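Let's walk through this structure together, one site at a time. Keep the sequence and the 3D view open as you read.

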Amino acid sequence: MSTVSDQQAAISEQPFALSSEVSIALARFISAIITAPSEQQIYSILANSLKALIPNDRASVTLHNPETHQLDIFTLHGQHGTLPMGKSLTVENTFTGRAFKLCKGQIHQLHATTTETDGQILYKDGLRSIINAPLIIHDNAIGAINSGHRSHTGFNRVSLQLLELIAQLVSANIERQRLLEDRQKAVSHYRFYATQLENLSRLAQQLSTVTSVTETLEITTRTLQVMMPSQRISYAAYCPEQDIFEITVLAGNEVMNCLSMPAQGTALQQVMNSQKPMYFSQLADSPYPEHQCLSERGMNCAWSIPVRCENRIIAVLNAAASVPDSNSHRLLDILGTLSGIIGSVLERLNAQQKLIHQVNHDSVTGLPNRVLLNRQIDRLMKNHHTQRYALLFVDLDHFKVVNDTLGHQVGDELLALVGKRMRHTIRGEDLVARVGGDEFIVLLQDDNQASRSQETAHRIIDALSHPFDIKGEILSINASIGICLSSEILYKPEDMIRAADMAMYDAKLAGRGTYRISQQQQPLVSNRKTDL
């Protein structure tokens, strides 16, 4: 046996002649594997052709498994014995492992004293000689073709060289097949990403003009339904104060149904902490409660996309499907870009809302300012035939003393507390605004405007009569109120405000801490000269 092994290198390089039958079989084999549509088909052709090319009693292909670092056995034909399909061989101390490591064909005779593992097993199965030829792709062995014979003289130099030639042909066509598959995958990936990037570009363009979060989510939902086969889409807004998610279903059987869910122990929390999109499969086996709910509704897999706004995760956008998508994991990169687009839009909307709020609200009290007040009065005046309303001009008594003695910072804090108390005295549909200094205006909408305005004036005066505690300073303050009821004569906001202002001046002359109703029925010019 050692003599045969020592001569292997020389054997592989010597020319050899084939019989006409083998030449024909080889030509058919070459023609078949060249047109094989897949790697699996190449192995099938090898299984059907090898015995006609090299007479043998047993043949197999062993392929290297990178995960186990062993050679998995795929039987082509012959007695399975103790090396059946589905078993594995070690690379070390085996004849097939030697061919794999050396990337060179091997021919061996088997004896009772053979020490190699596969040789011992095959000898017990009645085989007396074997040949092994490596499968090599990109200069790296991926496995070997192996053939065994019951006779010590079953294989010779020609057998080994022919098996090496067959292994080279198989290797070349497997390499060609893998290149074709890689190319097809690359083209498929390119088309997939190109399509999804086009979807994202269209989404970004549509979102560039949205004016609300609701509109943003509606457009995003339509895009998600195009990008992935999702039957249910939801938006889970995180509320840090309560550590819960407020969930709004955007598409599915529960459209616009809001739910609350504690954040702890949920997949939503995991996605929020990871700060990257995640894909979940087999929802029925998931430990997360929201996945169990989705599974009960027929969903099998889900994507979750964190939404970042102003450097923090504010929500998780979710899509669930009943059937898994082959592109599920490839979508994650795309969904990361989607998350960035949504976050940018929300930041823009927040900035716009802050700007709008600054334009329409007082910076000290947070109440509406004169701009927003005038707009509301204009709206009511346009509907004066069907809507009755009243305007209360509230002025704090002796507020200038607070500013002069305790400073403007204390004065501002007092104004903020006054505004808060006044908000609590009016209904939700009414409006209280700060129009300058220590002056506030309350706008009431009520058909019974006369009695409603007087009731509100009483409540405001009573609410403000209780002392204020500002950093240990106990302050007492009163208010004088002038009331102007809607009329056909006062047809401009400034007319009503001026009439209420003059009525408030009358309340101050009456002793402060009270109210007066304007009796004027025509546009007025105020004769108010001082802050009393």
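Ser230 sits in the loop that links helix H8 (213-227) to strand E7 (232-239); helices (H or I, at least four residues) and strands (E, at least two) are DSSP runs, numbered from the N terminus. The model is predicted, so local features need pLDDT of at least 70 and side-chain atom pairs count only at pLDDT 80 or more, while totals for chains, interfaces and linings use all residues. Residues are numbered from 1 along each chain as its sequence is written, and side-chain values use heavy atoms, with hydrogens and water left out.

Ser230 counts as buried because its relative accessible area is 9%; buried means under 20%, exposed over 50%, and partly exposed in between (1.4 Å probe, protein chains only). Setting aside residues up to four places away in sequence, Ser230 touches Leu224, Gln225, Ala319, Ala320 and Ala321, where contact means heavy atoms within 4.5 Å.

Strand E7 also takes us to the largest pocket, as E7, strand E9 (258-262), helix H9 (267-274), helix H10 (289-296), strand E11 (301-309) and strand E12 (312-321) each supply at least two residues of its lining. The largest pocket holds about 300 Å³ of space. Of its 20 lining residues, Arg232, Ser234, Ile247, Glu290 and Leu294 are the closest to its centre. H10 gives the most to this lining, with four residues. A pocket here is an open set of points on a 1 Å grid over the protein atoms alone, where a 1.4 Å probe fits, with protein on both sides within 12 Å along at least five of seven lines; lining residues have an atom within 4 Å of a point. Points are joined across faces, edges and corners, and the volume is the space filled by probe spheres set on them.

Now look for another buried side of the model. Thr96 belongs to helix H5 (residues 95-102), and is buried because its relative accessible area is 1%. Beyond its neighbours within four places in sequence, Thr96 is in contact with Thr62, Leu71, Leu89, Asp118, Asn132, Ala144 and Asn146.

Most residues other than glycine have a negative phi. His138, although not a glycine, has a positive phi of about 55°, and lies in the loop between strand E5 (129-137) and strand E6 (140-149). Lys471 also has a positive phi, near 55°, in the loop between strand E16 (468-470) and strand E17 (473-475). Lys471 is exposed because its relative accessible area is 67%.
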